[in-house]
Amino acid sequence: MPSASTIRRRDLIGLAIATPAIGLLGARPAHAQGGAAGFPSKPIQLVVPFPAGGATDGAARLIADRLRQQLGQPVLVDNKPGASGILGTDFVAKAPADGHTLVFSLSTSLLINQFLYKKLPYQPQKDLALVSHVVNAPIALLVHPSLPAANAEELAKYIRANKGKLSYGSWGVGSAGHLSLAEMSKKFDADMTHVAYKGEAPMLQDLVGGQIQMAFASTLQAKTFAEAGKLRIVGVTGEKRSGALPASPTLAEQGWKDDIFRITGWAAMAAPAGTPKAVVDKLADEVRKACEQPEVRARMLALLGSEPTAYGPEQFAALYARELPVWQRVVKDTGATLD
């Protein structure tokens, strides 16, 4: 999968002939077209559909502070947690399409949830306009030190030899960690047992204790536990190594070429569909300027384990179009549902 920073002309042509749903992503009615002169004319509400204090909230506040300085208007972070990011995202999807109400969220609520819920109150591809892909959020595959597996090849061999005997954890049904390991279990015909936890912390506690044998975790948590010798990192997702774990090879590097291991979660900004293109472009440009600041890049690495990407609307839409069928297929294959 080519990186969004190297998208060629064929990618953008391909986007235009993608599925009808993709063609509607962030569709803007003719009456909503307009310029960005005078924008913003009032404070901007940046909704984070998760509780305050987490990494996503921290990243949003970092961007909000920069946008405030650059745009000359307050950018107020508003935490609206609930239902896996659905409540806050739905609030923005139904807000006035003038660029003054935005959402800063994760790939779960902006992409994956539409396949996990049959009755999602908003349709991401119809009700939201993509503004900026802000940062990738790769995850690391961790195993208990008792497993004789220091790399992906050794882990695959061990899994095949222990069919039906292994269990893996995740921080929730439908999470990237769950779907990735469910796909891995299918890949190796492993018949592994999934144990869902209410968060990453209790999952990692049980992994350290040996109640489960493996799990995907955020790169920063993985680094902490690996450096303490409590867990072992097998590899990370994505096309490139994580900035937080530069010595850990990707799973793709190690031969796991399946799409699910080549993509990552991400944090991004979106607006209500119908927001004028000029306003979306202005917001994306301002996010890009913010992300170019060395202190912002360093802080984003500390918060989410990656330096910011700041892909604009077109690059973001092309990336979204490539990743959507992967998540759709994996959710269907695993039978994961949250309804």
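# Strands and salt bridges

Modeller: In this predicted model, strand 1 (residues 44-48) and strand 2 run parallel to each other and share five bridges.

Colleague: What makes strand 1 and strand 2 a pair?

Modeller: Two strands count as paired if there are at least two bridges between them. Strand 1 and strand 2 have five, so they pair. One of the bridges joins Ile44 to Val75 in strand 2.

Colleague: Why is strand 2 (75-79) called an edge strand?

Modeller: The open sheet has six strands in the order 2-1-3-10-4-11, with mixed pairing. Strand 2 and strand 11 (308-311) each pair on one side only, and these are the edge strands. From one strand to the next, the twist averages 20°.

Colleague: How do you know that Asp258 and Lys187 form a salt bridge?

Modeller: Their closest N and O atoms are 2.9 Å apart. The cut-off is 4 Å, so the pair qualifies.

Colleague: Is Asp258 buried, exposed or partly exposed, and how do you know?

Modeller: Asp258 has a relative accessible area of 25%. Buried means under 20% and exposed over 50%, so Asp258 is partly exposed. Lys187, at 34%, is partly exposed too.

Colleague: What makes Arg288 and Glu292 a salt bridge?

Modeller: Their side chains meet at 2.7 Å, N to O, which is within 4 Å, so they count as a salt bridge. Both belong to a network of salt bridges that also links Asp285, Glu286 and Lys289.

Technical notes:
Residues are numbered from 1 along each chain as its sequence is written. This is a predicted model: local features need pLDDT of at least 70, side-chain atom pairs count only at pLDDT 80 or more; totals for chains, interfaces and linings use all residues. Side-chain values use heavy atoms; hydrogens and water are left out. Helices (H or I, at least four residues) and strands (E, at least two) are DSSP runs, numbered from the N terminus. Axes are lines fitted to C-alpha atoms, for helices over the stretch in contact, and angles run from 0 to 180 degrees between N-to-C directions. Buried means under 20% relative accessible area, exposed over 50%, partly exposed in between (1.4 Å probe, protein chains only).
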